[in-house]
Amino acid sequence: MPSSNDMDVQMLAILLSSKMDPFYSIIGSFPTAIWTFFLGIFLFYWVVAVLGFVSIDLIDMDVEPGQSTQGMNALVGLFLRFGLIGVPLTISLTIVSTIGWFLSFFSIYFMPESIQGTFLIWPVGLVVLFITGFIALWATGYIVKPLVRFFQNTRANSRHTFVGTQARVRTSRVDAFFGEAEIVDGGAGLLVQIRCFDENTLTIGDAVVILEYDQEKHFYRVSALD
């Protein structure tokens, strides 16, 4: 029975063999290289997250499913349209990148050689990139849909646990219509929307105490710590 070291050597030999050249050529060429780049970023992110250096919801948008996209940027509107809001964006974007990578890889793999390696790969690649991106977003929306309720309940519970804790103001002012603060949650920190209905001089770096969470409008009501 071969030892683990022998298996590692055999695996390394396979990865470095000339038989893998077509694979490396495809993942490093347009348009698959774009998906390879994003997939690599998120794989690295998950490794770092497993080690505990970042939180799972480091990249997130505090938007609820069904919330109006008026006043939001096009990216948020796109995610809402495909149903990618409601779970941590790191999960959604990882799934999108994975699906897009596989679709793009096999699209180029089975593409006629008369197109590969010629100038035609650029216009055809753009079409492939658009189609694979659309399918990846659409499929991811269906994949994460069952997870939305779980993360909604988890977030609702976690948001109320911050009541009574301190946060640090991240904006130049805090009033009844504007304000953002960072809650130190033991990870990379959590940025939240805050509001203060009392007259105050709160500014960047000031400490506030969280009084309650507004479930309907998705912000924390705070007061100056002094």
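**Figure 1. Three salt bridges are found in a search of the whole structure.** A salt bridge is defined here as a side-chain nitrogen of Lys or Arg within 4 Å of a carboxyl oxygen of Asp or Glu. This is a predicted model, in which local features need pLDDT of at least 70 and side-chain atom pairs count only at pLDDT 80 or more, whereas totals for chains, interfaces and linings use all residues. Residues are numbered from 1 along each chain as its sequence is written, and side-chain values use heavy atoms, with hydrogens and water left out.

**Figure 2. Close-up of the salt bridge between arginine 170 and glutamate 182.** The closest N and O atoms of this pair are 3.3 Å apart. The pair links distant parts of the chain, 12 residues apart: arginine 170 lies in the loop between β1 (166-169) and β2 (180-183), and glutamate 182 in strand β2. Helices (H or I, at least four residues) and strands (E, at least two) are DSSP runs, numbered from the N terminus. Arginine 170 is partly exposed, with a relative accessible area of 42%, and glutamate 182 is partly exposed at 23%. Buried means under 20% relative accessible area, exposed over 50%, and partly exposed in between, using a 1.4 Å probe and protein chains only.

**Figure 3. Close-up of the salt bridge between aspartate 175 and arginine 173.** The N to O distance in this pair is 2.8 Å. Aspartate 175 has a relative accessible area of 23% and is partly exposed; arginine 173, at 42%, is also partly exposed.

**Figure 4. Close-up of the salt bridge between arginine 221 and glutamate 212.** The closest N and O atoms are separated by 2.9 Å. Arginine 221 is partly exposed at 28% relative accessibility, and glutamate 212 is partly exposed with a relative accessible area of 40%.

**Figure 5. The largest nonpolar core has 30 residues.** A nonpolar core is a set of buried Ala, Val, Leu, Ile, Met, Phe, Trp, Tyr and Cys residues joined through side-chain atoms within 4.5 Å. The residues with the most contacts inside this core are Phe79, Leu84, Val96, Trp101 and Met111. Two or more residues each come from α2 (21-27), α3 (32-50), α4 (74-81), α5 (89-109) and α6 (121-161). The largest share, nine residues, is contributed by α5.

**Figure 6. Surroundings of leucine 84.** Leaving aside neighbours within four places in sequence, leucine 84 is in contact with Phe79, Leu89, Ser92, Val96, Leu137, Thr140, Gly141 and Val144. Contact means heavy atoms within 4.5 Å.
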